[in-house]
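I opened this model to look up two things and kept notes as I went. The entries are in the order in which I checked them.

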Amino acid sequence: MKYDVVIVGSGPAGSVTARFAAESGVKVLIVERRKEVGVPVLCGEGISRKIDEWNVIEGTRWIASNMDGARIYSPDGTMVKLGAEMAGNETGYVIYRDIFDQELARQAIKAGVKIMMNTNATGLIKEKDRIKGVRVKQFDDEFEIEADIVVGADGVESKIGKWAGINTTLKPKDLETCAQYTLSNIECNDAYCDFYLGKEIAPGGYVWVFPKGKDVANVGIGILASLSESGMAKKLLDKFIENNSNLKSGEPIRFLAGSVPVSNPVETVRDNLLLVGDAARHVDPITGGGLTHCLEGGKIAGETIGDAVDRQQFDQETLSQYEIGWKEAFGRKIKRNYMVKELLLDFDDKTLNMLADSLKDVKFEEVSTLGLVKALVFKHPTLLMKLKPLMKISSEAKE
Ligand SMILES: Cc1cc2nc3c(=O)[nH]c(=O)nc-3n(C[C@H](O)[C@H](O)[C@H](O)COP(=O)(O)OP(=O)(O)OC[C@H]3O[C@@H](n4cnc5c(N)ncnc54)[C@H](O)[C@@H]3O)c2cc1C
C-alpha cells in the first residue's frame with residue numbers, strides 16, 4: 001500500500017491538512033483509531049468567529065449557538081465584558097464538535113482523501129533513518145502503509161513526533177487537566193461565554209460556562225497539572241456547580257475528562273515528516289484553545305505538502321515552508337501568550353481582583369493598548385510594577 005501522504009488522526013488538524021493536500025492533487029490517506037470521527041467529544045466547543053474568513057468549513061449544521069462575547073469573572077465576582085472580536089480563540093460560536101469534525105472530514109473526502117477507521121498507528125517505518133511510512137493495526141491485522149510524507153495529527157498524546165526523535169514531552173506546568181459536564185435544565189438567557197478565575201476556583205486555569213442552547217451549557221474546568229492531584233479537577237468543578245444557584249439544578253447529559261498542552265510549540269518538521277495541531281502543541285497557552293490553529297496550520301501544512309509532492313522533494317528544508325508559515329500566522333502569538341501565562345501564574349487573587357476592577361468599565365473596542373495600560377494603573381497604581389513585564393512582552397511582540 002503506497003500513498004503520497006499518510007496522516008495519523010482525523011481531528012480538525014488531520015482533516016484540514018488532508019483536504020488542502022488533496023486539493024493540490026496529492027494522494028492522501030488518513031488513519032484513525034476511533035470508530036467514528038469526532039467521537040467521543042473532548043472539547044469545550046468554543047471557537048472564534050475568525051473562522052468565517054478562512055473558508056475551511058461549509059454550512060451551519062455544526063453551530064450550536066452564536067455568542068455576543070465573553071465575560072471574565074475575577075475571584076471576588078467582578079466582571080469584565082469583551083465583545084466576540086476581542087475575546088480570543090474560544091468565543092464566537094459554541095459548536096457541536098462531533099458534527100464539526102465530521103464536516104471537516106467530509107470535505108477532505110470530497111477532495112479525494114481516503115480514511116481508514118479503527119486503525120491504530122503503532123510505529124514508523126524507517127529505512128536507514130529515513131521515514132517511509134507507518135505501521136498500523138486494524139482489528140487483528142497488522143500491516144505497513146508506505147508514504148513519502150507522514151503527518152502526525154494525533155493530538156495531545158501524540159506518539160508520531162516522539163517516534164521521529166522529536167522531544168514532545170510535556171512538563172506538568174505545561175499541561176492543563178480538564179473535566180467538563182454538558183449540563184441541561186439550566187437557564188442560559190445571555191449569549192456570553194463565561195470564564196471564572198481564582199486560585200480556589202481553578203488553580204492555574206479557569207472554569208468555563210459555554211451555552212449551547214437556552215437550557216444547556218458546557219460547564220468545564222482546566223487546572224494546571226503541576227498544581228493538581230488525582231481527581232481534583234472534577235472535585236473543584238462539582239464544588240463550583242454546587243455553589244452556583246443556576247447550575248445547581250442542572251443534570252449532566254455528557255461528562256468528559258481530557259488534557260490540553262499549554263506549552264511552546266515543538267519542532268514541527270523533519271525529513272518526510274510534519275506535526276500539526278495539538279501534536280505540534282499549537283494551542284494558545286493562556287486559553288487552552290487549539291481549534292483555530294488546527295485550521296490555520298492545517299491549511300498551511302496541506303499546501304506545503306502539495307508543493308513538496310509536485311517537486312518530489314520531501315526533505316526538511318522543503319517542508320520547512322510549513323514551519324515558516326505557521327510561525328508567521330500564529331507563532332509569535334503563542335510565544336507571547338506562553339510568557340503571559342507564566343506571569344499570570346504569579347498573580348494572586350487580590351491582584352486578579354484589582355485587574356478586573358480596573359478593566360470592568362473599559363470599552364475595549366475603543367481603547368488602544370496604551371489606553372488599556374493607563375486604565376489598568378489609574379485605579380490601582382500598585383499594578384504598575386506587576387504589569388511591567390507584561391507591557392514589555394506586548395511591545396516586543398508588536399501585535
Ligand atoms: C476539555 C477540553 C476542552 C477544550 N475546549 C476547547 C475549546 O473550547 N476551544 C478550542 O479551540 N479548543 C479546545 N480544546 C482543545 C481542542 O480540543 C484541541 O486543540 C483540538 O482537538 C486539537 O485537534 P487535533 O486535530 O490536533 O487533535 P484531536 O482532535 O485530538 O485529534 C487527534 C486524533 O488522532 C487520533 N489518534 C491519536 N493517536 C492515534 C494513533 N496512534 N493512530 C490512529 N489515530 C490516532 C485520535 O483518535 C483523534 O481522533 C479543548 C480540549 C479539551 C481536552
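The notes below cover the domains, one interface between them, and the ligand site.

**Entry 1, domains.** I noted before anything else that this is a predicted model. I then looked up the domain assignment, which gives three segments for domain 1: 2–67, 94–170 and 264–330. Domain 2 is listed as 172–261, and domain 3 as 341–398.

**Entry 2, domain 2 against domain 3.** I asked how many residues are in contact here, and found nine from domain 2 and six from domain 3. The area buried between the two domains comes to about 520 Å². Carbon and sulfur atoms account for 51% of that area. On the side of domain 2, I looked for the residues that lose the most area to domain 3, and these are Lys173, Lys199 and Leu224. Together they make up 61% of what that side buries.

I counted two salt bridges between domain 2 and domain 3. I looked up the one between Lys341 and Asp174, where the closest N and O atoms are 2.9 Å apart.

I found 34 residues surrounding the ligand. The closest are Glu32, Gly44, Gly46, Ala121 and Asp278. Which backbone atoms lie by an oxygen atom of the ligand? I noted a polar backbone atom of Pro12 at 3.3 Å, and a backbone N or O atom of Ala13 at 3.0 Å. A nitrogen atom of the ligand is 3.0 Å from a side-chain N or O atom of Asn120. Last, I checked cover: on its own the ligand has 1000 Å² of accessible area, and the protein covers 92% of it.

How values were computed:
Residues numbered from 1 in each chain as written. Predicted model: local features only at pLDDT ≥ 70, side-chain atom pairs only at ≥ 80, totals over all residues. Heavy atoms only, no water. Domains from an automatic or database assignment. Contact = heavy atoms within 4.5 Å. Buried area = accessible area lost by both parts, 1.4 Å probe. Salt bridge = Lys/Arg side-chain N within 4 Å of Asp/Glu carboxyl O. Near = heavy atom within 4 Å. Polar contact = N/O pair within 3.5 Å; in protein donor to acceptor, adjacent residues only side chain to side chain. Areas by Shrake-Rupley, 256 points an atom, 1.4 Å probe, with all protein chains shown as cover.
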